[in-house]
Amino acid sequence: MTYIQKQIGFWDVEGALPASYKTGTTLEEYDNGAYLLLNAEQVAFSKVHPNASPLEVWNMELIPEPEQPAVPEPDELSIALQAKLQEIADQDAFSNKFFVSVTRGGIEVANQELWIGKDLRNSLYSITLPALQSDGETTTKLWTTGTPPQAIEVPISWAIKYLPYLEIYAKRTYDCRARNEAAAYAATTVEEIQAIDVKADYPYFLTFELNLDLGV
């Protein structure tokens with residue numbers, strides 16, 4: 001014999017359950033925790049549909065799975081747009097660098113790659129470097145982009161001189177990125193998107209000379 005019960009599901013037993021068990025014949029009783037005995041047709045249905053729930057077996061009817069909303073496939077234009085936006089972002093990230101050529105006796109002894117983000121540029125130029133000068137400091141450290149980063153000791157006056165050039169460079173690279181993104185969003189065909197040259201008009205990397213003989 002096979003019973004169904006709300007908490008345990010299906011239960012096969014040798015014979016009828018004793019009177020100490022709460023049994024019933026309706027789904028209302030089933031909802032209240034009673035054991036319902038399956039008839040031969042219901043047992044046969046459960047064997048044909050082994051994954052059916054107790055209620056599906058009792059009603060001998062499978063409950064259809066709810067239809068999942070169709071997920072629209074991205075169209076070719078959207079795919080091309082996202083690819084171009086990523087290309088634009090990669091190019092802009094690549095532009096975030098400048099170089100310091102360290103010379104002594106007219107000979108370059110080092111050439112280091114650095115970058116200073118917008119917030120740090122503003123802080124250095126308007127607050128930090130003037131404050132260091134007021135405190136009697138004459139030099140400050142800049143850090144390379146390599147791993148691990150290396151410190152370059154530079155005169156504060158040298159940093160104040162070249163930071164505005166870096167700000168202009170950063171503004172021009174920002175303009176390039178914004179222009180390319182605007183063109184990508186305005187494009188109406190895949191061909192127009194693919195025709196955008198993300199490298200066009202980017203300014204050359206800046207190289208600042210640090211003359212150790214002069215300290216500037």
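This is a predicted model: local features need pLDDT of at least 70, side-chain atom pairs count only at pLDDT 80 or more; totals for chains, interfaces and linings use all residues.
Let me begin with helix 5, whose buried residues are covered by, among others, strand 7 (139-143) and helix 6 (156-186); helices (H or I, at least four residues) and strands (E, at least two) are DSSP runs numbered from the N terminus, contact means heavy atoms within 4.5 Å, and buried means under 20% relative accessible area, exposed over 50%, and partly exposed in between, with a 1.4 Å probe and protein chains only. Residues are numbered from 1 along each chain as its sequence is written, and side-chain values use heavy atoms, with hydrogens and water left out.

Helix 5 covers residues 118-134, and its 17 residues reach 23 Å from the first C-alpha to the last, close to the expected 24 Å, where the expected span is 1.5 Å times one less than the number of residues. The buried residues in helix 5 are R121, L124 and L129, and a kink of about 55° is centred on L124, the bend being the angle between axes fitted to the seven residues ending at a residue and the seven starting there. Just after helix 5, G136 takes a positive phi of about 95°.

Which residues touch the most other members of the largest nonpolar core? They are F98, V100, I116, V154, W158 and L210, in a core of 19 residues, a nonpolar core being a set of buried Ala, Val, Leu, Ile, Met, Phe, Trp, Tyr and Cys residues joined through side-chain atoms within 4.5 Å. Two or more residues of this core come from each of strand 5 (98-104), helix 5, strand 8 (151-155), helix 6 and strand 9 (207-211), and helix 6 gives the most, with seven. Apart from this core lies another, of 10 residues, including A80, L81, V190 and V198.

Turning to the whole chain, there are seven helices and nine strands. The radius of gyration is 37 Å, well over the 17 Å that the globule rule gives for 216 residues, so the chain is more spread out than a compact globule; that radius is taken over C-alpha atoms, and the rule is 2.2 Å times the number of residues to the power 0.38. The C-alpha atoms fill a box of roughly 105 × 50 × 30 Å along the principal axes, and 32% of the 216 residues are buried.
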